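The following exercises are to be worked with the sequence and the three-dimensional model at hand. Each task is followed by a solution in steps.

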Amino acid sequence: MFKINDNYQKLPGSYLFSTIAKKVNEYSAANPDKKLIRLGIGDVTQPIAPAIIEALHSAVDEMSKAETFHGYAPDLGYEFLRNAIAENDYKARGCDISADEIFVSDGAKSDSGNIQEIFSEDNRIAVCDPVYPVYVDSNVMAGRTGTYDPATEMWSNVIYMPCVKENNFVPEFPKETPDMIYLCLPNNPTGTTITKAQLQEWVDYANKVGAVIIYDGAYEAYISEDDVAHSIYECEGARTCAIEIKSFSKNAGFTGVRLGYTVVPKELKCGDVSLHAMWARRHGTKFNGAPYIIQRAGEAVYSEAGKAQLKQQVAYYMKNAATIKRGLQEAGYEVFGGVNAPYIWLKTPDQMSSWEFFDYLLEKANVVGTPGSGFGPSGEGYFRLTAFGAYENTLEALERIKAL
Ligand SMILES: *Cc1c(COP(=O)(O)O)cnc(C)c1O
């Protein structure tokens, strides 16, 4: 008789987005005349930029002729894309990362979920609280997190690093020593980030205690302040302690196109064992490459036209972020994020819980957001609004909130 991976049974139901959908549907059914504005989703809405569409069309045409047809892609990704990444995302920023340290993938969710496979089951993970759920859940599936306490919403073998307004949303070094540290900066859901000097302290800490940092840079394109690092490899010593995961989803609107990459520096070792070699083996065995067509689209992200068009796209979303932030401040809210990320994180007023504020905003302003408590216990009393909507809707949502 076969047995299942029991760890899956330990996963608590993920009720966040299904509960939101249920509440929104019920409200809509009862109030068909009300126009809802959705500022809850973490998905982009702008269409793919023209330079990228052009690259996609031309790659599709190549596939139609025997002379230019492409079958299986090389394990690590096509050189044209890895060279463009190395040049633009690293060399141009003074980071010493070469093309053969870059592994092209179908996105950051899979990489951030899969990367734990190359580490021992005995490792202890540390995560920020609130957190992007993939980091924790993928370690639950692997049996690394101990038991779940529904009362505290915490796992016995996970080290939580609260990120709240009292510490300016900057994770503090934990009391117990972790083996693997997940950092997502700029952060989803809080929209906040840390300075390059603060990130350097984390790199020094990881090297000192012998931990590896899994660094999720999905929102790098939204950084607007000069003292914020665009890559963890801007920090000295990161090549011996950090893996960086990047996505084309938020900077280029590839949430439905699918492309990402992971950097594993060759100096990153456990004793004599190279993590680069392990990830190469894992990639070669379990992944058959991102599509040629999509990798050509990824290359166009780094073309002159592509860069200019994407800069405008990011600016469009960040204008929404500024609109939300200013509007909420004018309405008297305590507001965080929205400067280096497309997320606004607000403190709920009058001691309301995250869900109470969700209902209040839905019923009184017909605006949908995301309760902070859905991202972890330290998210209680906070609320997330996203800048990924249309500008006109964002403006109207804020007018409604201000009128409350
Ligand atoms: C959106 C997002 C990603 C991107 O995932 P893809 O699979 O590349 O679309 C990764 N990490 C975080 C924290 C995100 O919010």
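**Exercise 1. The shell around the ligand**

How many residues of the shell around the ligand are nonpolar, how many are polar and how many are charged?

*Solution.* The model is a predicted one.

Step 1. Collect the shell: 14 residues surround the ligand, and the closest are Tyr-219, Ser-247, Ser-249, Lys-250 and Arg-258.

Step 2. Sort the shell by side-chain class. Six of its residues are nonpolar, four are polar and four are charged.

Step 3. Helix H5 (108-114) supplies at least two residues of the shell, and so does helix H8 (249-252).

**Exercise 2. Polar contacts and cover of the ligand**

Identify side chains that place a polar atom beside the ligand, and state how much of the ligand the protein covers.

*Solution.* 

Step 1. Look for a partner of ligand nitrogen. Asp-216 has a polar side-chain atom 2.7 Å from a nitrogen atom of the ligand.

Step 2. Look for partners of ligand oxygen. A polar side-chain atom of Tyr-219 is 2.6 Å from an oxygen atom of the ligand. For Arg-258, a polar side-chain atom also lies 2.6 Å from an oxygen atom of the ligand.

Step 3. Turn to the cover. On its own, the ligand has 390 Å² of accessible area, of which the protein covers 93%.

**Exercise 3. Two residues and their accessibility**

Determine for Ser-231 and for Gln-9 whether the residue is buried or exposed.

*Solution.* 

Step 1. Compare its value with the cut-off. The relative accessible area of Ser-231 is 0%, and buried means under 20%; therefore Ser-231 is buried.

Step 2. Examine its side chain. A polar atom there lies 3.0 Å from the backbone nitrogen of Tyr-233.

Step 3. Gln-9 and Pro-150 are separated by 141 residues in sequence, and their C-alpha atoms are 14 Å apart in space.

**Exercise 4. Cis peptide bonds and positive phi**

*Solution.* 

Step 1. Most residues other than glycine have a negative phi, and most peptide bonds are trans.

Step 2. Inspect omega. The bond joining Asp-129 and Pro-130 is cis, with omega about 10°; Pro-130 is in the loop between strand S3 (125-129) and helix H6 (134-141). The bond from Leu-185 to Pro-186 is likewise cis, with omega near -10°; Pro-186 is in the loop between strand S7 (180-184) and helix H7 (196-209).

Step 3. Inspect phi. Glu-153, which is not a glycine, has a positive phi of about 60°. This residue lies in the loop between strand S4 (148-149) and strand S5 (154-155). Gln-351, also a residue other than glycine, has a positive phi near 60°. The loop that holds Gln-351 runs between strand S14 (343-347) and helix H12 (354-365).

Step 4. Gln-351 counts as exposed because its relative accessibility is 79%.

Terms used: Residues numbered from 1 in each chain as written. Predicted model: local features only at pLDDT ≥ 70, side-chain atom pairs only at ≥ 80, totals over all residues. Heavy atoms only, no water. Near = heavy atom within 4 Å. Polar contact = N/O pair within 3.5 Å; in protein donor to acceptor, adjacent residues only side chain to side chain. Areas by Shrake-Rupley, 256 points an atom, 1.4 Å probe, with all protein chains shown as cover. Helix = DSSP H or I, 4+ residues; strand = E, 2+ residues; numbered from the N terminus. Nonpolar A, V, L, I, M, F, W, Y, C, P; charged D, E, K, R; others polar. Buried < 20%, exposed > 50% of the residue type's maximum accessible area, 1.4 Å probe, protein only.
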